[in-house]
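The sequence and structure come next.

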Amino acid sequence: MVNVTDKPYAAIFGDWRGTLESGNLLSQAEEFTGLSDWGGRRWDEERFRYDFALLCEGIESTGDLSALGRRRSYARLMTMLVSRLRYLDARKHANGVEAARISAPLIGTGMPRAGTTFLHGLLAQDPALRVAKAFEAAMPVPLDGPEGDARSVIYQELLDFQGMTSDHLTAMHPFGAELPEECLFLQEGACTAIFGGLWNVPKFQAAVADKSAIAFRWQIGLMQYLQTQSGGERWALKTPGHIMTWDELRIAFPDALIYVNHRDPGKVIPSMASLMAALRGLFSDQLLDPLELGKEQLAIWAPTMNAYAAWRNGPGRDAKVVDVVFSDLIARPIETVSEMYDTFGLRLGGDARDRMLRHLERDRHGKAPQRAYSLADYGLDEAAIEGAFGAYIDQFGIRREQR
């Protein structure tokens with residue numbers, strides 16, 4: 001374990017037993033960093049403070065925190081607060097940050113549990129692409145200390161402390177400080193909807209439903225800063241949830257090269273419900289109602305993917321967007337990437353191809369045993385899936401898997 005006693009993140013591993021009160025947490029973060037600029041109008045400070053207070057109130061009132069969950073919650077929130085202060089301060093002194101251009105990023109979205117993480121990890125092997133590693137997204141500003149820049153080690157310890165690297169959870173989704181991270185985590189410092197996946201905070205979730213423009217603005221600013229640290233390669237990004245803010249995504253990144261992942265919703269919905277239960281279980285001992293989880297996931301993803309299908313049939317008919325079907329991706333991963341590159345006018349060099357092949361040989365996530373999720377476990381059946389998604393499945397030629 002790295003010695004973090006002289007670091008601004010030292011307190012995150014403490015035995016926190018107090019109330020998660022927003023004003024107190026903000027003051028602590030200022031004390032730990034010696035900084036107090038939360039962004040002003042440029043970075044929507046007033047909205048940030050309001051939403052953060054709502055989040056803390058929600059965690060306390062409806063989060064049903066366990067004792068361990070309270071410590072983990074404090075660690076997660078304090079990491080975000082300290083990182084926001086440090087990033088906003090470092091940005092003021094970073095050369096060229098305002099002029100840094102995010103040029104034609106490669107962005108993945110679509111169905112969750114449909115290979116987006118697998119494909120993102122594969123694309124990350126291309127030396128011509130730049131991804132944000134998990135520790136960079138969580139702690140953007142380098143640390144000075146006797147051990148050097150210890151962010152990766154500290155963040156790995158935080159993931160371990162939060163239970164993110166337990167066998168149960170990593171069997172569903174890989175977490176690691178050095179792994180490519182998705183946009184949701186680049187947006188976390190703006191106090192966004194990602195937190196609704198960790199705690200039962202319905203009032204907060206409703207309040208931030210309209211926050212996508214602020215989230216993308218924060219993300220782009222953070223990417224500008226990170227780009228000044230390591231050069232201007234093309235970014236490879238991904239978040240399934242971007243499909244819910246399709247128009248806002250394309251406004252934020254007007255020259256983006258976008259691919260959309262698709263998979264049989266009969267597999268996706270119960271798998272996603274299981275993941276949500278596992279994530280909430282890191283912070284609360286209260287068991288979630290599986291029937292409500294199934295209903296919730298169906299209500300989220302059916303209108304989302306059907307709206308995308310309608311767009312693809314109409315105004316997006318000729319758009320240069322690549323649709324990636326899960327069964328094809330798993331059966332032909334390199335060919336899928338090659339075809340995507342051809343569509344976007346990118347070159348898949350020999351070195352990138354070789355790195356991708358080596359990655360496939362060692363990627364545990366891509367070869368993990370299939371987990372069995374029953375539709376019935378979540379109050380669903382074949383008729384519900386076909387009624388909600390049948391036309392979508394047929395439109396994109398999605399293979400109906402064993403449900």
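Which residues line the second largest cavity? The lining is made up of Trp 43, Asp 44, Phe 48, Arg 84, Ala 190, Lys 211, Ile 214 and Trp 218.

The model, which is predicted, has 2 cavities of 30 Å³ or more. Their volumes and lining classes are set out below.

| Cavity | Volume | Lining by class |
|---|---|---|
| Largest | about 150 Å³ | 11 nonpolar, 3 polar, 3 charged residues |

For the largest cavity, the lining counts 17 residues. Nearest its centre lie Met 80, Ser 83, Ala 137, Ala 138 and Gly 189. At least two lining residues come from each of helix 3 (67-93), helix 5 (134-138), helix 6 (151-162), helix 8 (183-186) and helix 10 (212-230). Helix 3 provides the largest share of this lining, with 6 residues.

A helix pair is the remaining topic. Helix 12 (residues 265-280) packs with helix 18 (residues 382-395) at an angle of about 125°, and the axes are 10 Å apart. Helix 12 is therefore oblique to helix 18. In the contact, Pro 265, Gly 266 and Ile 269 of helix 12 meet Ile 385, Phe 389, Tyr 392 and Ile 393 of helix 18. The contact between these helices has 6 nonpolar residues and 1 polar residue, and no charged ones.

Definitions and conventions. Residues are numbered from 1 along each chain as its sequence is written. This is a predicted model: local features need pLDDT of at least 70, side-chain atom pairs count only at pLDDT 80 or more; totals for chains, interfaces and linings use all residues. Side-chain values use heavy atoms; hydrogens and water are left out. On a 1 Å grid over the protein atoms alone, a cavity is a set of points where a 1.4 Å probe fits but cannot get out, and a pocket is an open set with protein on both sides within 12 Å along at least five of seven lines; lining residues have an atom within 4 Å of a point. Grid points are joined across faces, edges and corners, and a volume is the space filled by probe spheres set on the points. Helices (H or I, at least four residues) and strands (E, at least two) are DSSP runs, numbered from the N terminus. Ala, Val, Leu, Ile, Met, Phe, Trp, Tyr, Cys and Pro count as nonpolar, Asp, Glu, Lys and Arg as charged, and the others, Gly among them, as polar. Axes are lines fitted to C-alpha atoms, for helices over the stretch in contact, and angles run from 0 to 180 degrees between N-to-C directions. Angles under 35 degrees count as roughly parallel, over 145 as roughly antiparallel, 65 to 115 as roughly perpendicular and the rest as oblique. Contact means heavy atoms within 4.5 Å.
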